[in-house]
Amino acid sequence: MSSATTTPAPPPPPPTVELRHSTGGGGVAAAALAGLVAAGLALGAGELVAGIDARMASPVEAVAREVIDRAPSSVERFAIETFGTNDKLALVVGTLALAAVLGAVLGVVARRRRRIGAAGFAAFAVLGALAALSAANATALAAVPSLAAGVAGVAALGLLLDRTRGTRRVSPPPGAAGTAGPGTGSRRAFLGVAAGVAAAAALAGAGGRALRSRFSAAESRAAVVLPRAARPLPAVPAAAEVGVPGIAPFVTPNRDFYRIDTALIVPQVRAEDWTLRVTGMVDRPFELSFAELLDRDLVEADITLTCVSNPIGGDLVGNARWLGVPAAELLDRARPSRRADQLVGRSVDGYTCGFPLAAAFDRPCLVAVGMNGEPLPLRHGFPARLVTPGVYGYVGSTKWLTELEVTTFDAFDQYWVPRGYAEQAPIKTMTRIDTPRSFERVPAGRVVVGGVAWAQTRGIEQVEISIDGDPFRALELGAAVSDDTWRQWRHEWDAAPGRHTIVVRATDGTGELQTEDRSEPLPDGASGWMSLVVQVGDSDTTPPPTT
Amino acid sequence: MIRSRTARGVAALFALALLGAACSGDDDSASTDSPAAGAPAAGSPDAAPADSAEICDADGLVAAVEGGPDEGTLAGMTDDPVATAASSNPVLTTLVTAVGEAGLVDTLNAAPALTVFAPTDCAFAALDPATLDAALADPTGLLTQVLGFHVVAGQELSSADLAGLTEVETFTGATLPVAANGDMITVGGGQAEVVVPDIQTANATVHLIDGVMLPPS
């Protein structure tokens, strides 16, 4: 606000009555402050009201989420480079900063044209309400905090602008010279009111956040007691591990399991509020509660999940023991139409995955509630998620699942399809070297090379290794636990000093060799044999000893 | 996936905020965010050189990188690791070819943390063609040795970090001298200068340099 610098002024100019008449209200700076504080109160009130009921949406969160969904892509790199991993925080801070700027601008506008300023506040309240309503499963209640914010903002703007009258530093009218001008006292009064409103805004905002924290699903999760599986799986055999330090453990601990999703803030879904709807092209749509889900026979399955974004050698893959209800059983109850060919899993935050309906019947596709012996962690989809072996996560593993919709590929594109990813994305056979690490310098002599290989639903039959272009040779595999899990492998190598290139490849359970053709993760997953360059012994640039 | 998409949202918001600031008459927000104060473009300013080897100055490099294809990250779920990121960089085409020839793509992408001094196409153009040919003819030998001299494994060093160092150990074991003089960072004992510092990828910090560095032999 360029005019801000004109207000805390040096001694006032000579008396001019006209000056006061020429300004509809107080100074521009005061009006900007009024607008800023009113915007603050609006957001504070929005947060406070959002603290009343879990179905109500925080205006700031709603707008931030909407901005993510609608933002143009051209500025993406700038943001990644500038904000790095703090981008979620930056988004919220940015939303607040934008609100502050807009508030100040509207304050200045309202100084002359009160109705336009108020209309601006109302318009932003409506935008917030629309953003809140656009979330999946949003009810009309979601819009209430934004509308309340608008009312509070307009009221605060009016109140504050009324107090700005006479705050402009002008000399008193002729005849009153020598006494303190009326501006001084009213300016002080205005600043007092503004400070009060600002404090109220901060209190309301903090109070609202505190109230909303009670909607956290952490307590709900802590209260969940998972039943045992009807037929528990035996423990993972020790032989699944080949005993090489540095290889990813066969079972990925929950805290280390990769997380890739579109959720800005981890959805807080309480098990007692949760329902799963089975809808779409079915004869008998139905809905069931978490308790009803747990009442069914639960099954256990060891399943390795892979993200489509995992590059060759990447770590976006993990293996867990899942506990859940087969999706097939729920679908059987609903009776899908014969014309349907796609099963869509919809999340509480609107995310959708979609995969062949047949995959729900020909493999252990689960509506999972447990992960490695505990309820799903909140970030992994509590209270329930889909786990579908054999397809990349974006296709078959919706977290915070709330609806299974039976449909067709013609009728519906899941979330990532319009964004350039493939409609069908079966997992490609892949082998990863875990040890030695990239660029690791290892001592000469006996070196153990180790890693994992996966081809979910097909299994891994063989892994081969080639060092420095030698012919590929089969190496030692850990026990196969199921066709849906990865397998560890190891190879002992007598390494001579120098630089070496290690290449690995796998053959899946159908006898098909992993393709050597390299492809990027977009649109349907990376492929290619992983090669790794390692340095054995000392620097290869060290000249040989002269003696 | 969220990371890059969120970032896009952040950027859009800040663009909006700038717009808002501009509307309110604040002209301090003129955005000139070129990372390095570069000399005026050497080539003709109106027609961007079609040949990336002719883009040598910092401003030109930054403009070329930012004007480059929007590749995979457009719909990307995650940030790209370094070799993937480089492959979409229009001024690193020779380096990307060399890295592919040397079979270093996966090694670079799978490394947990790296510092990469990336010679631009302009830098490769200045290299003796015989040297480049000899290196390309021996991909796992000489070429890897030269490329390895441009990589520091195990840590991501920013330009600020480099300014406090006199040498770093590269992947091949050879020591790479580093010298800072004001904003200018010279590497390889005067063989190259950092022209665009601190490009962040998922697993590496990349500094574009204006020369191909040859390891001591």
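**Charged pairs, cysteines and a threonine**

Me: At 52% relative accessibility, does Asp362(A) count as buried or exposed?

Reply: Buried means under 20% relative accessible area, exposed means over 50%, and partly exposed lies in between, with a 1.4 Å probe and protein chains only. Asp362(A) has 52% relative accessibility, and therefore counts as exposed.

Me: At which pLDDT do side-chain atom pairs count in this model?

Reply: Residues are numbered from 1 along each chain as its sequence is written, while chains are lettered from A and ligands numbered from 1 in the order in which they are written. Side-chain values use heavy atoms, leaving out hydrogens and water, and because this is a predicted model, totals for chains, interfaces and linings use all residues, local features need pLDDT of at least 70, and side-chain atom pairs count only at pLDDT 80 or more.

Me: Which residue forms a salt bridge with Arg363(A)?

Reply: A salt bridge is a side-chain nitrogen of Lys or Arg within 4 Å of a carboxyl oxygen of Asp or Glu. Side chains of opposite charge can pair when their charged atoms come close. Arg363(A) is partly exposed at 23% relative accessibility. With closest N and O atoms 2.8 Å apart, its partner is Asp362(A).

Me: How many residues apart in sequence are the parts that Arg221(A) and Glu374(A) tie together?

Reply: The closest N and O atoms of the Arg221(A) and Glu374(A) salt bridge are 2.5 Å apart. Helices (H or I, at least four residues) and strands (E, at least two) are DSSP runs, numbered from the N terminus. Arg221(A) lies in helix α9 (residues 218-223) of chain A and Glu374(A) in strand β8 (residues 374-375) of chain A, so the separation in sequence is 153 residues.

Me: What relative accessibility makes Asp261(A) count as buried?

Reply: Asp261(A) meets Arg259(A) in a salt bridge at 2.6 Å, N to O. Arg259(A) is partly exposed, with a relative accessible area of 23%. Asp261(A), by contrast, counts as buried because its relative accessibility is 6%.

Me: How many salt bridges are found over all chains?

Reply: Arg277(A), Arg346(A), Glu403(A) and Glu405(A) are linked in a network of salt bridges. A search of the whole structure gives a total of 22.

Me: Which cysteine forms a disulfide with Cys56(B)?

Reply: A disulfide is a pair of cysteine sulfur atoms within 2.5 Å, and the count over all chains is one. Cys56(B) is in the loop between α1 (2-23) and α2 (58-66) of chain B, and its partner is 66 residues away, in helix α6 (residues 121-126) of chain B. The torsion about the S-S bond is about 100 degrees, so the disulfide is right-handed. At 2.0 Å between sulfur atoms, the partner is Cys122(B).

Me: Which residue has the backbone nitrogen that the side chain of Thr304(A) reaches?

Reply: Thr304(A), in strand β3 (residues 299-306) of chain A, is buried at 1% relative accessibility. Its side chain makes a polar contact (N or O atoms within 3.5 Å; within protein, one able to donate a hydrogen and the other to accept it, residues adjacent in sequence counting only if both atoms are side-chain atoms) with the side chain of Asn319(A) at 2.8 Å. At 2.9 Å, the side chain of Thr304(A) reaches the backbone nitrogen of Trp486(A).
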